[in-house]
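Here are a few friendly notes to read alongside the model.

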Amino acid sequence: MSAEFALVGPILAAMFAAATPLLFAALGEAVTEKSGVLNLGVEGMMLMGAVCGFAITVKTGSAPLGLLVAAAAGAAMGALFGVLTLLLLANQVATGLALTLFGVGLSALVGQGFVGIPLEGLPKLHIPVLSNLPVVGQALFGQDLLVYLGIAAVPLVHLFLYRTRAGLVLRAVGENHHAAHALGYKVIRIRFLAVMFGGAMSGLGGAFLSMDYTPMWAENITAGRGWIALALVVFATWKPVRVMLGAWLFGGVTIAQLHVQGFGIDVPSQILSMLPYLATVLVLVLISRDIARIRLNAPACLGKLFHPDS
């Protein structure tokens with residue numbers, strides 16, 4: 001096996017790992033937006049999940065408890081957003097931006113005593129025989145549990161949205177909240193649950209970063225991944241399978257910046273660090289050229305406030 005071919009497995013494994021936080025956050029936001037709520041606070045929810053999951057794992061030594069607390073922290077941030085926008089009817093865009101700023105500040109405050117503390121990271125799952133296969137063994141059968149849970153969440157979210165009555169109701173609320181309310185559905189309750197689900201998924205995405213991808217806590221550890229996840233939802237036209245493919249694409253771009261110089265290509269490190277964000281801007285520019293398609297797939301009531309008496 002050539003040296004170049006031997007690198008394929010590790011590169012693919014790193015790509016799947018880099019895509020996992022984006023996949024969790026984007027899937028959660030896709031469900032949130034399908035209910036008609038636009039939550040721009042993904043970055044803040046990811047940061048709170050990252051710091052809470054890391055802190056609990058360091059204090060207790062229990063990674064499962066850390067992941068559970070991370071999901072709860074993200075859900076709590078989502079609940080805060082829900083109270084402000086669904087009950088108090090605050091502007092969703094402004095509230096989402098405020099939630100991100102709040103998450104950045106609060107996570108820095110909570111995590112100031114954990115900066116630089118190393119963590120062992122989540123254990124890798126090695127499947128006998130399969131893990132020893134060339135290339136695919138390391139890429140597909142040597143990952144940790146969260147990578148597999150992220151991939152498994154894709155068909156589960158798809159089945160929920162398009163094959164269950166609850167998913168149909170959620171999509172109906174996102175398409176026409178007044179009609180759904182007239183039929184007797186609890187629009188605010190459904191949206192509240194969707195927002196909390198999105199928060200929990202974002203919290204898990206953040207926890208993956210601090211507990212496994214780079215097992216340590218540092219301020220702003222998400223480094224803009226929440227904003228990339230938001231762009232990814234639009235890029236995927238709110239469809240879970242496309243969200244996964246888009247996350248792998250952005251994960252590949254992230255890993256590319258780490259390997260370009262290793263292949264002897266002389267590129268300034270600052271340019272390489274910009275690659276994921278340049279790719280995000282490029283994707284947004286390309287998809288914005290097809291406004292009709294975006295409007296066709298976007299929930300009709302996305303970002304619109306609802307009051308039962310209106």
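1. Please start with the largest cavity. Its lining is made up of Phe 16, Ala 19, Thr 20, Leu 23, Val 147, Gly 150, Ile 151 and Trp 248. Two elements, helix H2 (8-34) and helix H7 (145-163), each give two or more residues to this lining. Keep in mind that this is a predicted model.

2. Which helix provides the largest share of that lining? The answer is H2, with 4 residues.

3. Of its lining residues, 6 are nonpolar and 2 are polar, while no charged residue takes part. The volume of the largest cavity is about 40 Å³.

4. How many cavities of 30 Å³ or more turn up when the whole structure is searched? There are 2. In general, such empty space shows up when a probe the size of a water molecule is rolled over the atoms.

5. Look for Thr 85, Leu 86, Leu 89, Gln 92, Ile 188, Arg 191, Lys 304, Leu 305 and Phe 306, the residues that line the second largest cavity. Helix H4 (63-87) and helix H10 (187-213) each contribute at least two residues to this lining.

6. Finally, what kinds of residue line the second largest cavity? They divide into 5 nonpolar, 2 polar and 2 charged residues. Arg 191 and Lys 304 are the charged ones.

Methods. Residues numbered from 1 in each chain as written. Predicted model: local features only at pLDDT ≥ 70, side-chain atom pairs only at ≥ 80, totals over all residues. Heavy atoms only, no water. 1 Å grid on protein atoms, 1.4 Å probe; cavity = no way out; pocket = protein on both sides within 12 Å on 5 of 7 lines; lining within 4 Å. Points joined across faces, edges and corners; volume = space filled by probe spheres on them.
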